Amino acid sequence: MKIGFIGIGHMGEPMATNLLRAGIPLVVWNRSAGKCEALVQLGAEQAKSSRGLFERCTTVMLMLLDRNAVDAVLERGTPAFARHVCGKTIVHLGTTSPAYSHDLQRDIVAAGGAYVEAPVSGSRVPATHGQLVGMVAGHDDDIARVLPLLDSLCTRVFRCGVVPGALRMKLAANHYLIGMVTALAETAHAARRAGVDLDVLREVLDAGPMASAVSRTKLEKLVRADFSPQAAIRDVSTIAELVLAQCDDTGSSAPLIRQCAALYRSALAAGHGYDDMAAVVHAFASTRA
């Protein structure tokens, strides 16, 4: 049986590409069928429907936008759900709330299936180069079946215990990432207003101990006003809200991520949803934050 991959979007397309290049036979499906064409050229089989994919695959990887998309594909809450998941391993690669993932595992296991939570950290560039960082949670036997697939996508994979440990870890990592990029956008905005040469600022930061692959990439975008998406505002805004909810659920004091979530919300409302997350700088310009 082949591996199924559902969700050929901004991240799913390069991830599925790397699986194919590693020699893993894939059956793919996406709601917008045209997005599968490049994968078919690489050797993937395109299912005519999500139901057809589940019939042909014993392991199905989901890289979907949100919980609503996952529930729709699995037809959760209908008799078809059990047919889709019974005897199958469902791999949840996307980012949802930990509570949702916990309940999804419960329902899949009750229907006779297996579930592995496997969110990844990284944007489209590391996804393209197979350099994502993976986090997995679930039963050991189920994880063992999935790890060889993640080897084609990730430089490292970290075990995070039982579900929803991997999603809790993913949100913790994104907490830091979102705060860092937002601070960088604020710095660029304030420096520009102060008359600082942003090209020189970029060189100064790149030369110092604070530099990282993320800071170099995002600062270049801010200097050039190139907001072609690697991690889009729409997705980052959603994740920021999930991070904030995790903090609130545990009673953690988190004023920074609260402000970050508000800024991404503002950038999203201003029409920057499909721009890179560095475009949060527009929220500073509009609010004079």
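User: How does the lining of the second largest pocket divide by class into nonpolar, polar and charged residues?
Analyst: This is a predicted model, in which local features need pLDDT of at least 70, side-chain atom pairs count only at pLDDT 80 or more, and totals for chains, interfaces and linings use all residues. Residues are numbered from 1 along each chain as its sequence is written, and side-chain values use heavy atoms, with hydrogens and water left out. With Ala, Val, Leu, Ile, Met, Phe, Trp, Tyr, Cys and Pro taken as nonpolar, Asp, Glu, Lys and Arg as charged, and the others, Gly among them, as polar, the lining of the second largest pocket has 8 nonpolar, 4 polar and 1 charged residues.

User: Which helix supplies the largest share of the lining of the second largest pocket?
Analyst: A pocket is an open set of points on a 1 Å grid over the protein atoms alone where a 1.4 Å probe fits, with protein on both sides within 12 Å along at least five of seven lines, and its lining residues have an atom within 4 Å of a point. Gly 179, Thr 182, Ala 183, Leu 256 and Cys 260 lie nearest the centre of the second largest pocket, out of 13 lining residues. Two helices (DSSP runs of H or I, at least four residues), α9 and α13 (255-269), each supply at least two residues of this lining. The largest share, 7 residues, comes from α9.

User: What handedness does the crossing of α9 and α11 have?
Analyst: Helix α9 (residues 165-193) packs against helix α11 (residues 213-224) at an angle of about 35°, with their axes, lines fitted to C-alpha atoms, 10 Å apart. A crossing counts as right-handed if the near helix is turned clockwise from the far one by less than a right angle, and the crossing of α9 and α11 is right-handed.

User: How many nonpolar, polar and charged residues does the contact of α9 with α11 have?
Analyst: The contact (heavy atoms within 4.5 Å) includes Leu 177, Leu 184 and Arg 192 of α9, which meet residues of α11 including Val 214, Lys 218 and Leu 222. By class, this contact of α9 with α11 has 10 nonpolar, 1 polar and 2 charged residues.

User: Which residues lie closest to the centre of the largest pocket?
Analyst: The lining of the largest pocket divides into 25 nonpolar, 15 polar and 7 charged residues, and α9, α11 and α12 (233-249) are among the elements that give two or more residues to this lining. Of the 47 lining residues, the closest to the centre are His 10, Met 11, Met 63, Arg 234 and Asp 235.

Note on methods:
Axes fitted to C-alpha atoms, helices over the stretch in contact; angles between N-to-C directions.
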